[in-house]
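Dear colleague,

Please read them alongside the coordinates.

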Amino acid sequence: MNDDPIDAIEAPRKLTRLIGHREAAQGFIAAWKSGRMPHAWLIGGPKGIGKASFAWACARYALAEGTSDTLEISDARVARQVAAGSHPGIRLVRRSPSPNSTTGKLREEIAVEDIRGLQPFFRQTAPHWRVAVIDAADDMSSSAANALL
């Protein structure tokens, strides 16, 4: 069993029911339906309120080409692929293992090479939508933040 507290809870990407975030969800859906979706969403707030769950719900909605009035998608295939981490249209960026560590210890920040690794992903022509979840943007080095811009 892994002692990592992240692994001790159900991963937010596997949750299909979003609790709370009604106004944020309505804002996202309104932007989607308007056809004027911004290129990025910055989700902030106190620890433990479900920011990651909201981000993954938005990602599933976009990847399923959402048409409903809620972020709970009905496309079971997309939901299964996102939960398994196998959907071709989504990437998760987190702090990577330190290159000098033999124990797999994570870096202190998201490195610039982790962000630059998204460039080939965003250049793909299929699937139509591509989503990168950066968990957490506060963990990016200044070079990584500049590379993302």
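At a relative accessibility of 28%, Asp 139 counts as partly exposed, a class that lies between buried (under 20% relative accessible area) and exposed (over 50%), taken with a 1.4 Å probe and protein chains only. Asp 139 forms a salt bridge with Arg 95, with 3.8 Å between the closest N and O atoms, where the term stands for a side-chain nitrogen of Lys or Arg within 4 Å of a carboxyl oxygen of Asp or Glu. This pair links distant parts of the chain, 44 residues apart, since Asp 139 sits in the loop between β2 (131-134) and α7 (142-148) and Arg 95 in the loop between β1 (90-93) and α5 (112-116); helices (H or I, at least four residues) and strands (E, at least two) are DSSP runs numbered from the N terminus. Arg 95 is also partly exposed, at 31%.

The model is predicted, so local features need pLDDT of at least 70 and side-chain atom pairs count only at pLDDT 80 or more, while totals for chains, interfaces and linings use all residues. Residues are numbered from 1 along each chain as its sequence is written, and side-chain values use heavy atoms, with hydrogens and water left out.

In total the structure holds 3 salt bridges. Another of them joins Asp 69 to Lys 33, the closest N and O atoms being 2.4 Å apart; here the loop between α3 (51-63) and α4 (76-84), which carries Asp 69, is linked to helix α2 (residues 22-34), which carries Lys 33, across 36 residues. Asp 69 is exposed at 63%, whereas Lys 33 is partly exposed at 44%. Arg 107 and Glu 113 also meet in a salt bridge, at 2.9 Å from N to O, and Glu 113 is partly exposed at 42%.

Best regards
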